[in-house]
Amino acid sequence: MRTDRLASALTDLKSRLKPGELRLDARTLAAHAGDRWFASHLPDAVALPRSTAAVSTVLRFAHENRIPVTARGAGHGYVGGCVPQQGGIALSLARLNRIKEVHEGDFVAVVQSGVRTQALQDAVEARHLFYPPDPASRADCSIGGNIATNAGGPRCLKYGVTRDYVLGLEAVLADGTVVRPGSRTHKNKTGFELARLFVGSEGLLGVVTEATLKLLPLPPYRGCLAVGYDAAPVAAAAINAVFAAGILPCALEVADGFTLAAARKRTGSRQLEGCEAMIIVELDGQERSVRAELRAVEQAARLPGTRFVQRALGAEACERVWQVRREFSYSLRDTGLTKLNEDIAVPRSRLVDLFEFAQGLQQRHGLPVACFGHAGDGNIHVNVMVDETQPGWRERSEAALDDLFGQVIAWGGVITGEHGVGLAKKRWFPLAVSPELRTLHRAVKRALDPRGILNPGKFV
Amino acid sequence: MIIVELDGQERSVRAELRAVEQAAWLPGTRFVQRALGAEACERVWQVRREFSYSLRDTGLTKLNEDIAAPRSRLVDLFEFAQGLQQRHGLPVACFGHAGDGNIHVNVMVDETQPGWRERSEAALDDLFGQVIAWGGVITGEHGVGLAKKRWFPLAVSPELRTLHRAVKRALDPRGILNPGKFV
């Protein structure tokens, strides 16, 4: 669309919305140009609707006038998924931030998509209910963004990812039609799984305005075990031993030697000295069960090569263990390098192979590589550390990622486990997905967004 | 009657089963049967499996409707099923997955009686209408197939049916896959 025609169309749209629901000022545009990844692109307008009806108005108008619309939650994504790559309207769901209902009898919460994940968790936990998906950024990210990316987190090992908690949605289609796929029942086989079609769709198929989420009874007790090892294969053996004992922890995290060295530098922890790998195991449930099973985990995980064991019983003590885990990210940032966080997932048995491959990557490309993440489900964050002041850094990092993704796919793994494709992984999407499957993506996309106005310039 | 099964580490299961028993042992309890270990559990589940056979023994045809209601509607559903029985003169037996609200409502039909089909359809109209009014669904785990096809438009809005058709057309433009069903 020509610039003058677009400007007059946006003025027209503004008059159809309530005051403040469409902003054109430079500061607002700049604040909605990207997410936590480094790419950005200015939108021509920012829609900040306060109701589903307003979202519908925006989409109906954009559909009629063929204006790109890129939906965004809290803007906390890691792959540039909400970057309005072709301009148009950045549609923020931030103002749809009401928890509409928490129902103790039905074990459901009904929330608008702008609600912060942590706010929902606090609200339900106050009533002894539990919404398990726990992305690391849960204090900042929103349920709508979690749904758009099918977000995960440490606890997803036992409890499943966002997808597994979406019972029903309210979504606005490209032409402004409002649909409510799914229901508030915990089981539903009425027709196609259309609610879940929108989960992980990265804003390419519709705009989610409300979600009906499944809740569980809140486990009353937690226990944690952190164990350091002098070699990565020992950690992998310990992980296998925990599973072999018939125990499914709620979280099972791992960190490699590079990450631990950076963490030791930051925290001065003497415990981490000489550790080439560390695991964190968390159990939840009834107090007696957790205490007994944590002892069983310790027995299984204490292998020759163990450098330290740290036990934590109760929520507060566990938080201190997780604090170490959170330090990993900060420690890597302390290196002064830029962290390209690639959330690949490999078949679980490939953990040691992956650690070794990451070391080789480091040697071949001269870039430090730090691995940590969700060992239990093979979703490891491979952080390629880049010095942006060095010439040729971009080519070198791209070459390293080519290597990494090629190997991960050869193992039967995937290039993204929980962050999404966005712009960051777009280049490798054709490597990861067969031509037939890409054609199917396009067919589904065309069926739901025939004019291609939703988040254009992304992986479909 | 309820059946509660726990699994996990033996010590944990034993302790938690005691906690379940404490929670479930309310005034009005007629019996409690405990089972520890896979074999003993199988004997309890045998009783559950007998439910279906027992209903078959009545000589009636069992229309097994796997509706799901929001969990808090369990007692409402049992009461509604009794009312159904009175209004339509058809025995109704409910059992199933109480934990997720997916209850099998079995409308028992005597196919030798004239008008049995109309009466059972009327009873199902009543049942599905009420389940949907509660925010429930007409099928929790069996699917729509032909059995529930008549009620699909009641359960799914016109906009959502249009979306079903759009996805169907995208994947099967010539409509050759399982034609004559719910899309």
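Q: What makes residues count as in contact with Leu404(A), leaving aside its neighbours within four places in sequence?
A: Contact means heavy atoms within 4.5 Å. In this predicted model, Glu342(A), Ile344(A), Leu354(A), Phe357(A), Leu361(A) and Val382(A) are in contact with Leu404(A), its neighbours within four places in sequence being left aside. Local features need pLDDT of at least 70, side-chain atom pairs count only at pLDDT 80 or more, and totals for chains, interfaces and linings use all residues; side-chain values use heavy atoms, with hydrogens and water left out.

Q: Which residues have the most contacts inside the largest nonpolar core?
A: They are Ile279(A) and Leu404(A), in a core of 50 residues. A nonpolar core is a set of buried Ala, Val, Leu, Ile, Met, Phe, Trp, Tyr and Cys residues joined through side-chain atoms within 4.5 Å. A second, separate core has 38 residues, including Val111(A), Tyr165(A), Val179(A) and Leu160(B).

Q: Why is His419(A) called buried?
A: Buried means under 20% relative accessible area, exposed over 50%, and partly exposed in between (1.4 Å probe, protein chains only). His419(A) has a relative accessible area of 9%, and is therefore buried. Not counting residues up to four places away in sequence, His419(A) touches residues that include Tyr78(A), Thr149(A), Asp343(A) and His381(A).

Q: Why is Phe38(A) called partly exposed?
A: Its relative accessible area is 43%, so Phe38(A) is partly exposed. Phe38(A) touches Leu340(A) and Arg394(A), residues up to four places away in sequence not being counted.

Q: What makes the pair Lys187(A) and Glu141(B) a salt bridge?
A: The term requires a side-chain nitrogen of Lys or Arg within 4 Å of a carboxyl oxygen of Asp or Glu. The side chains of Lys187(A) and Glu141(B) meet at 2.9 Å, N to O, and the pair is a salt bridge. The count between chain A and chain B is two salt bridges.

Q: How is the size of an interface often given?
A: It is often given as the accessible area lost when the parts come together. Buried area is that loss for two parts (1.4 Å probe), summed over both. Between chain A and chain B about 2700 Å² is buried, and carbon and sulfur atoms give 66% of this area. Lys187(A), Thr190(A) and Phe192(A) supply 24% of the area that chain A buries against chain B, more than any other three residues.

Q: How many residues of each chain are in contact with the other?
A: 37 residues of chain A are in contact with 38 residues of chain B.

Notes: Residues numbered from 1 in each chain as written. Chains lettered and ligands numbered in written order.
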